[in-house]
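Dear colleague,

Please find the structure below, together with its sequence. My notes on what was found in it follow, and I would be glad if you read them with the model open beside you.

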Amino acid sequence: GFENAGFKTVFANDFEAQCRDTYDLNFKDSKLVVEDIRKIDVDDLPKFDFLLGGFPCQAFFISWYRQGFNDEKGRGNLFFDIVRILKAKKPEGFLLENVKNLKSHDGGKTFEIIEDALKDLGYHVKVKVLNTMEYGNIPQNRERIYIVGFRNKLYSDRFEFPGPIKLTTKITDLLEKNVSEKYYYNNKPLFEKLKNSVKEEGKVYQWRRQYVRENKSGVCPTLTANMGTGGHNVPIIKDKKGIRKLTPLECFKIQGFPENYILPKISDSALYKQAGNSVSVPVVEAVAKQMMKAME
C-alpha cells in the first residue's frame with residue numbers, strides 16, 4: 001500500500017519464518033528479516049523516514065510503563081519496541097494499525113498510554129477507525145484503528161484521513177474460476193450441517209463450530225488469523241459445483257492484494273493465517289497517499 005503511494009521499503013521484519021516465503025516472492029528490494037523485533041539492535045536498522053507496524057493488544061500495566069521501556073522481561077509488549085525504535089531513530093512519522101477495541105481496552109487506559117508515549121517522543125498524532133468495506137472498495141467488514149504520527153506539526157495539520165468511497169466490488173468479483181475439489185464440503189462430514197443453511201450463491205457464510213452464520217450485508221466477515229485452524233472461521237460460499245470454503249488466494253484478494261501477487265507453495269493454514277493477520281492493502285494505500293499529500 002505504501003509502495004503504491006510512492007514510498008520505498010528499506011527494512012521489513014516478521015517473527016514467523018513462513019512470512020518470508022510470501023514476502024520475498026513479491027518484494028525484491030528489501031528482504032524480510034525473520035527475527036523477534038525485541039532482539040533487533042536499533043543500530044542495525046537502516047535510516048528510514050516512516051515506521052509502519054501493528055502490535056498485539058495485550059494488557060498494558062502501568063507499572064511496566066513506569067519502568068520505562070527497558071523492562072528486563074520483555075513481557076511481549078511490542079508497542080514498547082516501536083517506541084524504542086522511534087526514540088532512537090527519530091523518523092519523520094509512522095502509521096500503526098490495530099484492532100478497533102484498542103481504544104476502549106481497559107476503560108481507555110491502554111490507548112491513553114499509547115498516545116501519551118507517542119506524544120512524549122515529539123509526534124503529533126491523529127487517529128481514526130476505518131472499515132475496509134467503506135474505505136477500500138473491498139467487500140470485507142473489517143474495522144481497524146489507524147494511528148498516524150508526524151514529527152512536523154505542519155504535516156500533521158495538513159493531514160486528513162481519506163474519505164469513504166462507494167463499495168462497487170462484490171465477493172463474486174474476487175472468486176477463482178477453477179477451484180480444487182479439496183476446498184469443497186460435498187461428501188464430507190460437515191456437509192450435512194451446512195447444506196440447509198448455505199443456500200444462496202454469492203453470499204458469504206461462516207461455520208461457527210456449532211451453527212452457520214449468514215452474512216446479511218453481502219460482504220465477507222472479518223478475516224482472522226485463526227482461520228486456518230481446523231477449518232474454523234474460514235468463510236464459506238456456494239457456487240455452481242457446491243458448498244466450499246474460500247481459498248487462500250481469495251482471502252488475499254479480500255484483503256485487497258493485487259491480481260499479480262504470488263503465493264508460495266506452503267500449507268493452506270499458514271496462508272490463511274497470513275491473510276487474516278494482514279492489513280487491507282487499499283485502505284493502507286489510501287492513508288499513505290494522504291500522508292504523502294500532507295508533505296507536498
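In these notes a residue is called buried when its relative accessible area is under 20%, exposed when over 50%, and partly exposed in between, using a 1.4 Å probe and protein chains only. By that definition both Phe252 and Phe257 are buried.

This is a predicted model, in which local features need pLDDT of at least 70 and side-chain atom pairs count only at pLDDT 80 or more, while totals for chains, interfaces and linings use all residues. Residues are numbered from 1 along each chain as its sequence is written, and side-chain values use heavy atoms, with hydrogens and water left out.

Aromatic rings

The structure holds 13 aromatic pairs, where rings of Phe, Tyr and Trp (its six-membered ring) pair if their centres lie within 6.5 Å, with planes under 30 degrees apart counted as stacked, over 60 as edge-to-face and the rest as tilted. The rings of Phe94 and Tyr123 have centres 5.1 Å apart and planes at 70°, so this pair is edge-to-face. The pair links distant parts of the chain, 29 residues apart, with Phe94 in strand E4 and Tyr123 in the loop between helix H4 (109-120) and E5; helices (H or I, at least four residues) and strands (E, at least two) are DSSP runs, numbered from the N terminus. Phe94 is buried at a relative accessible area of 0%, and Tyr123 is also counted as buried, at 3%. Phe252 and Phe257 form an edge-to-face pair as well, at 5.2 Å centre to centre and 65° between the planes. Ring pairs also link Phe2, Phe7, Phe50, Phe150, Tyr155, Phe159 and Phe161 into a cluster.

E3 and E4 (residues 93-99) pair in the parallel sense over 5 bridges, and Leu51 stands opposite Phe94 in E4.

Two backbone points to check

Lys90, in the loop between helix H3 (79-89) and E4, has a positive phi of about 50° although it is not a glycine, and it counts as exposed at 52% relative accessibility. Asn187, in the loop between helix H6 (153-158) and helix H7 (191-194), likewise is not a glycine but has a positive phi of about 65°, and at 80% relative accessibility Asn187 counts as exposed.

Terms used
Pairing = 2+ DSSP bridges.
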